[in-house]
Amino acid sequence: MPRGDKSSYTTKQKRKAEHIEQGYEERGVPEAEAERRAWATVNKDSGGGNKSGSGRGKPDSDGSARRGGRAAADRPATDRSAAAKKGWETRRKNAAK
């Protein structure tokens, strides 16, 4: 299989890479670099291409996804405060149920 061939990836992995790539492009990363980063992230999460089918391959990790929370620190304090208040209201409402 030549380098760059994506045929051994599952449809889920391909969708995941596409979604990650779009996120990078929205932040101004060039298209080729966004694609490279997206596939690197998919490979890190799942260990490369998986064969499709129930019970085959290894489960995906969520290590790369957990890093996303760090971006929240870059938001203005007012946005973080509003999100915190919204979360508090939701937890309070759910606790009352």
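Predicted model: local features only at pLDDT ≥ 70, side-chain atom pairs only at ≥ 80, totals over all residues.
Residues are numbered from 1 along each chain as its sequence is written, and side-chain values use heavy atoms, with hydrogens and water left out.

**Overall picture**

The protein has 4 helices and 0 strands, and from the N terminus its elements follow the order α-α-α-α. Here helices (H or I, at least four residues) and strands (E, at least two) are DSSP runs, numbered from the N terminus. Of the 97 residues, 21% are buried; buried means under 20% relative accessible area, exposed over 50%, and partly exposed in between (1.4 Å probe, protein chains only). The protein exposes about 7800 Å², with carbon and sulfur atoms supplying 50% of it; these areas come from the Shrake-Rupley method with a 1.4 Å probe. Among contacts (heavy atoms within 4.5 Å) with a separation of 6 or more, 42% join residues 24 or more positions apart.

**The core**

Let's step inside. The largest nonpolar core holds 9 residues: Tyr9, Ala17, Ile20, Tyr24, Val29, Ala34, Ala38, Trp39 and Val42. Both α1 (11-26) and α2 (31-46) supply at least two residues each, and α2 gives the most, with 4 residues. Such a core is a set of buried Ala, Val, Leu, Ile, Met, Phe, Trp, Tyr and Cys residues joined through side-chain atoms within 4.5 Å. Leaving out residues up to four places away in sequence, Ala17 touches Ala38, Trp39 and Val42.

**Two residues to look up**

Ser46 sits in helix α2. Its relative accessible area is 6%, which means that Ser46 is buried. Apart from neighbours within four places in sequence, Ser46 is in contact with Gln13 and Asp60.

| Ser46 part | Partner | Distance |
|---|---|---|
| Side chain of Ser46 | Side chain of Gln13 (polar contact) | 2.7 Å |

Arg75 is found in the loop between α3 (63-66) and α4 (77-96). Arg75 counts as partly exposed because its relative accessibility is 37%. Not counting residues up to four places away in sequence, Arg75 touches Arg80 and Ala83.

Technical notes:
Polar contact = N/O pair within 3.5 Å; in protein donor to acceptor, adjacent residues only side chain to side chain.
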